[in-house]
Amino acid sequence: MKRKNIAVIGGQWGDEGKGKIIDVLSRKADIVVRGTGGANAGHTIRVGAKKYVLHLVPSGIVRRDTMNVIGNGMVIDPHALSDELSMLSTGGIDYRERLQISLSAKLILPQHFLIEALHESGNGSVGSTKRGVGPCYADHVARIGCLLNDIFNPKVFREKLERNLEDKRVIFAHYGRRLIRRLLAHMGLERCYAADGFLDVNEIIAMYREYARPFQDLIRDTDFYLRKQWGRKSMLFEGAQGMYLSIDYGTYPFVTSSDPGIEGLMKGGGLPVSAAEEVFVVMKAPYETRVGMGAFPTEMGGKRMDEWCKRTIPPNQEPEWPAPDINSANALEQGIAVLKRGAEFGATTGRRRRCGWFDAVLARHAMEINGGRIILTKLDVFNGCKRLKICTHYVYEGPTICWGNLVLRKGTAVHHAIPHNEVLRYCNPQYMEVPGWNADISKLWRWRQLPARCKRYVDRIAELSGAKIAGLSVGPDRDAMIWL
Ligand code: IMP
């Protein structure tokens, strides 16, 4: 009998809790595939008392019988990958027979870290995770990138590396030897520094061979493998990041450099979109989060929340609101309460995540692009919150701007998503308020057990998002799930 392939996408700005959903669904999958992004992603999986934070390896690795594929659309830092593999070995996970890595995954090179550090320290910063992701994808599109497979073919690797480095010569010369050397040392890459102030090709080739040794025998033509398995085995396509971080659909330029939507995911996994028979779009509710910079219309406390999230002292040492109230009339205090209750700290960078109300305008748009059904996560974070807000539309408050044949002026009501930063940052959210539930829903496992107000809230989200709800996550554990 033919078995079903499922794709799981993030419907907001990443960190929607996809890790847990993928972990739950991978129980029935023969193969779990990742297709986009790199170590900028962080998927947290709890198995009993153990917690695994995965950045590159698909989440199916924690299940004993699941094959896992790192697809062609991913960008790989071989050092980070070998570290992650040794973390798995230490954690008692035997991955050797259950992991395949695409030979055409894109290779992150030392110069990518350097370029990103230089970009991020200037005015063009997007608040990236500094994992070399953007510059690596940029080189791929500029046709000067390297593939993972190149590491094992020194002649080809050298040619491509030299070509790639030639392209960087002007930039490095502009910044000067001292800075380049200092940055390399700061990143633990001093070894790559060449006496002429540039990068040493021989060193990079040698270093990358070393890094790749632990996984050399796992490199495969995974596109070919997956095409052969299509229709025979059930596959789970694991999205990373979220819709509004998409290079194509997101709040450009404050986005990542891949397309985390259904098209990017399937292409990066090596199969057509039609291979995904079921699409689940994961969204947090009643709140959502964003890390890094960029427009976030429903952010609780607005700019003040953004500023607060940039602080680096531990939140429990913050002088204001040691015990913030989720029912506070002060939007910032409420946002901080949500951040603390939801443990909203980046899995990759540890950064505080900005928190805001559920935005149904963006949710509707995400569903139009991806299709499928919604899985809501983190509903339990709002247990005991008296009033919940849902953003239904915006009022534009910025300078007059043409958007094709549409002219947006101060006061224009905006009912559909224009997720470009230059418009979205001036969109003032308009809310509908609904009553919250005053009960702990985290131990419930059936729809009918949920408080009536919680059910009404979920129905309202479905109606406003124009899509059906497939499931609700009501706690971090695997079984804290209600399927509809
Ligand atoms: P990059 O992907 O490191 O280039 O970062 C670009 C933007 O995407 C930054 O705002 C990051 O914070 C954001 N970003 C990248 N990966 C993730 C993720 O997995 N979750 C949330 N935000 C992410």
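**Figure 1. Pairing of strand 12 with strand 13 in the predicted model.** Arg290 has Arg354, a residue of strand 13, as its bridge partner. Strand 12 (residues 287–290) and strand 13 (residues 354–359) run antiparallel and are joined by four bridges. Strand 12 is covered on both of its faces. Tyr287 and Thr289 are buried on one side, while Glu288 and Arg290 are buried on the other.

**Figure 2. The largest nonpolar core.** This core comprises 83 residues. Met283, Phe358, Leu376, Phe382 and Tyr457 are the residues with the most contacts inside the core. Helix 12 (residues 360–370) supplies the largest share of the core, namely seven residues. Apart from this core lies another, of 57 residues, which includes Tyr52, Val62, Ile70 and Ala105.

**Figure 3. The surroundings of Tyr457.** Which residues are in contact with Tyr457, once its neighbours within four places in sequence are left aside? They are Ala285, Pro286, Phe358, Leu379, Leu388, Ile390, Val434 and Trp437. Among these contacts, Phe358 is itself one of the residues with the most contacts inside the largest nonpolar core.

**Figure 4. Packing of helix 4.** Helix 4 spans residues 133–141, and its buried residues are Val133, Gly134, Pro135, Cys136, Tyr137 and Asp139. Just after helix 4, Arg143 adopts a positive phi of about 65 degrees.

How values were computed. Residues are numbered from 1 along each chain as its sequence is written. This is a predicted model: local features need pLDDT of at least 70, side-chain atom pairs count only at pLDDT 80 or more; totals for chains, interfaces and linings use all residues. Side-chain values use heavy atoms; hydrogens and water are left out. A nonpolar core is a set of buried Ala, Val, Leu, Ile, Met, Phe, Trp, Tyr and Cys residues joined through side-chain atoms within 4.5 Å. Buried means under 20% relative accessible area, exposed over 50%, partly exposed in between (1.4 Å probe, protein chains only). Helices (H or I, at least four residues) and strands (E, at least two) are DSSP runs, numbered from the N terminus. Contact means heavy atoms within 4.5 Å. Two strands pair if DSSP finds at least two bridges between them.
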